[in-house]
Amino acid sequence: MRTKILIGGLAVAMVATVVLWWHETSGDSGLGCYVRESSPLAQFASVPAKTRSVGCDESHEFEAIGMLGLTDPEGLCRREAEEFLGGPWELSRTVLTTLGSHDPMNGTLMCALAEIADTDQKPVARSGSLRNGLRGTRPLAITCLAGDDDHARFIDCAQPHAAEFVGTVPRGEDDATETACASAAARYLGLPSLEQRTDLQVNWLNRDSTLCLAVEATTPGADGTLRGSLKGRGTQPLPR
């Protein structure tokens, strides 16, 4: 049994994957933080929404992290994001973004990051920089999720939730992915096999790699009933 969750424009389980790129045009040159001026923001819009530069300590949706050329801009943006965040962007509550620069001397596209709060994947307003979001206490890391099949929120594992991120595996067919994620979940719990837990199942999020989730087999509450992490719990009762 699998639930259906969408994340960052990327579908879970048997839903086809689509790479998400928001295309924006900025009214200011240089890097920094940006807010949206036109609304709504349309995915793959033929007329891009406009943005303007603001200080990163002000409310904003986008943070530009590097200039892009015409050669492999998506690959370069991913590498810029990993260095900026301190780890693979796919493990963070962010989406990759391109902002159009009006400064052709320095490049025509800027790589940018935007924070997301849930699997609806829309950028949310924040203040402060995303830099080092996967270093130290890893404040931007995907940890636990709460919600239903159509809408799940990223949440701290201390709050009621139904699923927890347990590791990454290479992208593959559904059967192979399910087997690999079950092994990842077992290692996370400290078990030789997930078959020892009839109260858990696996699900996954397809980003650049597959992000494996350990999920309650039944979720009587709207958000799930887990409280606390599954890491190293072995065959102990689920944290409630």
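Student: C33 first: buried or exposed?
Tutor: C33 has 0% relative accessibility and so counts as buried (under 20% relative accessible area, with exposed over 50% and partly exposed in between, using a 1.4 Å probe and protein chains only). This is a predicted model in which local features need pLDDT of at least 70 and side-chain atom pairs count only at pLDDT 80 or more, while totals for chains, interfaces and linings use all residues. Residues are numbered from 1 along each chain as its sequence is written, and side-chain values use heavy atoms, with hydrogens and water left out.

Student: And which residue is C33 joined to?
Tutor: A disulfide (cysteine sulfur atoms within 2.5 Å) joins C33 to C56, with an S to S distance of 1.9 Å. C33 lies in strand 4 and C56 in the loop between strand 5 and strand 6, so the pair ties together parts 23 residues apart in sequence; strands (E, at least two residues) and helices (H or I, at least four) are DSSP runs numbered from the N terminus.

Student: What about C56, buried or partly exposed?
Tutor: C56 is at 24% relative accessibility, which means that C56 counts as partly exposed.

Student: How many disulfides are there in the whole structure?
Tutor: A search finds four, one of them joining C181 to C212 at 2.1 Å from S to S. That pair links helix 2 to strand 13, 31 residues apart, and both cysteines are buried.

Student: Switching topic, what stands opposite C212?
Tutor: W204 stands opposite C212, and seven of the seven residues of strand 12 (residues 200-206) are buried, so strand 12 is largely enclosed by the rest of the structure.

Key: Pairing = 2+ DSSP bridges.
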